[in-house]
Amino acid sequence: MKVHKYLLHSFMHNKLRTTMAVLSVLVTFSMMITISLFFATAQETDFDEINKWVGYDIEVQSVGHADLNPVYMNITEVEDTLDTVSGIESVNPVLTTYGMTLKGFEPNHFFELIGTYDDYQAGFVESSVGEYRLGWGECVLSVKAAYSFGEQVGKHHATVGDKITVWTVVDEEIVSTQLTVTGIYEVSGRFRWENPYAHGSYVVMNLDYLQNLTGLENKASTITITVDQNLYDLQDPTNPAKEVEAIAKNTASKLGEDYDVSAPKAAAIGNTTSSFLTSLSYLFAILLPAISGILVSSVMNLSVEEKSQEIATLRLLGARRSFVLKVVMAELASILAFGIALAFPLGFLIGQATIFLFQLDMQLTGLELTGQLIMQIAIGVGVTVLFSIMPIIRALKTNPAEAINRVKSSGSYKFVSSEGVDKKLVLGGLFVFIAIMISFFSILWFLQSIRSGGEEICIAAIGMMIIIPASLSVSLLFLVPYMETIITFIFYPVTKKTNKITRKSIKRNVRRNVSTNIIFGIIVGILILFSSMFSSIMASTRESAEVGIGSEVKVDMWENEMPISDLFTIQEIDGVDTAGGATAFKQVTVSDVILKESTNAFAIGFDKNVIDSVYQQHVKLKEGSRSDIRDMDDDDVTLSTDVAERLDVSKGDKISITVERDGGTTKKMFFEVKAVVDQMPGYVGVIGRNTDVDGIAFSLEGYSKVFGISMENLTYTAIFIDCESKAITPQVVEKLQERFGSIEGVWVTDTQEAILGQQIVMGVLQAVFTAISSLLMVVALFSLLANLYASVKEREYEIGVLKAMGLKNLDVLVALMLEGLAIALVSMVIGVFSGLVVSWLGIYAYNSVAPLQLSFLPPYAVMAYLLIFTAVMGLAGSFLPAILVARKPIIALMKRIE
């Protein structure tokens, strides 16, 4: 018989079994495709954002180039060298120097003077007025620079068409030039900001014109390079920017040791979630097919078992093992081919339906991801085949003699028991789980002890957390028969006649039930893991918003700084109870008095009202009190915990602060530590524990003293506002928007709105994930169906004997459905326990390294939903095989004794 005819015959006589296998492949692979599409879309969106804020790929500067000590390079020399480097698309020289506006004989405002060519268009234009035109004697201003020139042109800010005069220093002499403003542009990612005193304030002019003005013909301070954007491979889980980094390294080797070469966009991609999302996408490409692989393996095992006599007969008639292998592999290939062919359109459809139903602001880019999807499909097929090795081997080992022996022994082999769980499987799973626990807590200790390198270890920890549910489920398998027996016994009052039969069946078929237990455990574990994370984040949205924003309302000045007088205006707004302002961050060097330890830190100053305006319950102090912070004078300072621990100082100790002021002078002063703060609302990224940067806080008087700025010239970058009542907060926000909303770079944030926004986003994510997980639960239903179908087929003779002894069809139906319900519920319990353990560990890990702490909250609603859903699925999944055998005539069940 030809292989294809044999397969067709087999499929026609085993429609249910084949349908279950195809459906399991269809559901799991379609979910894998949908998830891959969502992750890939997120990567594309992330990459688009990076392109906006980091507009060029490679940057070249001369060695020794510094903010106050620029070292210029010869453009022709560098460009000639770059011509020998392959992969470069364009080279753009940029000349940057300092400019100033003068008030009398003193500098009034500092800004960047930037010279470029008109065709240099990297980065992202946030806002624009006029034209971006850089003719001879023409310029483009940033919004902040336009305000700087307002006094010079007699307006609130300079506008298109105004004539402005800029001064710069050339060979220690001040030179000036008059420029015509052709446009006011807010541009991100096009220029490298060098002047710390003029961040965001810049004047862009023609490169040749600036070179002529400064006497720096053919010179540049920076040369930016762009490459083909297709060189960034977002589907590479190891390093999406490795080809660009290779070009940067080649550039560095060609230019030699006199130049510094960096790849800022590659670094930005490396610091985002791109690689992590790709890795997670491939992880799902292994995990989801593993689920279907277990089920397909069960179906294949059942198929080989049912056809063992046929295979033995074929072997007896002269068929080689190669023919048997072709038959089994052709059956497996057919199941995969049908399932995967249907999974592609279904995966796209589910993704589009999710976007439509939840009104997500995204567009799937699946047509561009053929290569990635093919790779993941290949991985999925490999995993599925790997799980099917055992039934394939079993088919190949079939002995021709079984064709005779099986006929002789028919009627007795039906009562073969598969009681017990393989001890090696349980012991191995338990040891794996213990090893992962030890590794996991070791990493947490490492993260708490060493701040550097934490990101990579966090990703490794997350990867291990995905393994934990599976290993924990395996290690708990030894409890399964006892738990299933207990659940069965609970229903004893309503199943007295068949309860013992069900318990005996569960005890004898533990190994067969393992596949269902593992599939249910993994699926439910993943669902509980992510649901716990979502519910914990949802429960912490209020604290997250309050700690992040710092007060009921916050006014941030991103581009412009607010004079102290504006704070008084805010305090007079109806509904405002208290309002306090904080200054810009400036860098200082902090050390203990004897200079044994030192560190760089960002310093801020805030007025006393800030302590009254920020949320009271979220100010976490390690040493000192709120009144100590409020009552700081100009010789006092508050430290973040990290700074205090690094310097080994406490409340009452003296510290040394060194700062470099305008003009290059260095000033050293001593201050007393008044308080040590674990966390300060509104300053989570600076004043807190385990932050990326170290922070210290002064009173306004102390800040003025450190940086040599008079009190009347101090400006705020943040205002914290406490309203008289929550009911009046929206009106206060509206008035603040009317007052400051039209100013470029000013943002008014309402904590209540932020909380609502976070809850909506997390709610949508949780709903999407629950929908996906519910579909995966259908795979668990197929597993239960296949398991019971195999069990029923194996026990047909036994059931026929029981029916001959008087057992009714309804009793058979009840016994088998109770068995399916017990298997499903116990599997769910294992998954819930595993998921809760891992989610608690995940939140513990996050709290160990993050300044904002999450509260662990089990997803009680999801657990209740799972209980109901599993009970219904358990009964539904066992009904079909149960009704098939219950309705069979006794003679059909016992026909093999003929």
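Contact means that heavy atoms lie within 4.5 Å. The structure discussed below is a predicted model.

Q: Which residues is V25 in contact with, leaving aside its neighbours within four places in sequence?
A: With those neighbours left aside, V25 is in contact with S30, S292, V296, I335, L336, G339 and I340. Each of these is counted because heavy atoms within 4.5 Å make a contact.

Q: How many of the residues in the chain are buried, as a percentage?
A: Of the 898 residues in the chain, 52% are buried. The chain has 30 helices and 25 strands. Among contacts with a separation of 6 or more, 81% join residues 24 or more positions apart.

Q: Why are the buried residues of helix 20 said to lie on the same side?
A: In helix 20, residues 564–571, the buried residues are I564, D566, L567 and I570. They cover an arc of only 150° around the axis, and therefore they fall on the same side of helix 20.

Q: What do the buried residues of helix 20 pack against?
A: Their partners are strand 14 (562–563), strand 15 (576–582), strand 23 (715–716), strand 24 (718–723) and helix 25 (729–740).

Q: Why is the aromatic pair of F111 and F149 called tilted?
A: The two rings are 5.2 Å apart, centre to centre, with 50° between the planes. A search of the whole structure finds nine aromatic pairs.

Q: What does the pair of F111 and F149 tie together?
A: F111 lies in strand 4 (residues 106–116), whereas F149 lies in the loop between helix 4 (143–148) and strand 7 (163–170). The pair therefore ties together parts that are 38 residues apart in sequence.

Q: How do you know that F111 counts as buried?
A: F111 has 0% relative accessibility. The limit for a buried residue is under 20%, so F111 qualifies. F149 is also at 0% and counts as buried.

Q: Why is the pair of Y120 and F191 called edge-to-face?
A: Their ring centres are 6.3 Å apart and their planes stand at 70°. The centres therefore fall within 6.5 Å, and the angle is over 60 degrees, as an edge-to-face pair requires. Y120 lies in the loop between strand 4 and strand 5 (124–130), and F191 in the loop between strand 8 (173–188) and strand 9 (202–206), so the pair joins parts that are 71 residues apart in sequence.

Q: Are Y120 and F191 buried or exposed?
A: Y120 is buried, with a relative accessible area of 2%. F191, at 7% relative accessibility, counts as buried. Y120 and F191 form one aromatic cluster with Y202.

Q: What sits over the ring of Y132?
A: The charged end of R190 sits there, 5.0 Å from the ring centre. The charged end of K586 sits over the ring of F707, 5.9 Å from its centre. The limit on this distance is within 6 Å, and the values of 5.0 Å and 5.9 Å both meet that limit.

Q: How many disulfides does a search of the whole structure find?
A: The search finds zero disulfides. Such a pair would need two cysteine sulfur atoms within 2.5 Å. Among the cysteines, C139 is buried, with a relative accessible area of 0%, and C723 is buried at 4%.

Q: Why is S704 called buried?
A: The relative accessible area of S704 is 12%, and a buried residue has under 20%, so the term applies. S704 belongs to helix 24, residues 700–707.

Q: What does I604 touch, not counting residues up to four places away in sequence?
A: I604 touches T583, A584, F585, Y683, I687, I696, A697, F698 and Y703. I604 lies in strand 17, residues 598–606, and is buried, with a relative accessible area of 0%. The C-alpha atoms of I604 and V686 are separated by 9.5 Å, although the two residues are 82 residues apart along the chain.

Note on methods
Residues numbered from 1 in each chain as written. Predicted model: local features only at pLDDT ≥ 70, side-chain atom pairs only at ≥ 80, totals over all residues. Heavy atoms only, no water. Buried < 20%, exposed > 50% of the residue type's maximum accessible area, 1.4 Å probe, protein only. Helix = DSSP H or I, 4+ residues; strand = E, 2+ residues; numbered from the N terminus. Arc of directions from axis to C-beta. Phe/Tyr/Trp six-rings, centres within 6.5 Å; stacked < 30°, edge-to-face > 60°. Lys NZ or Arg CZ within 6 Å of the ring centre and 35° of its normal.
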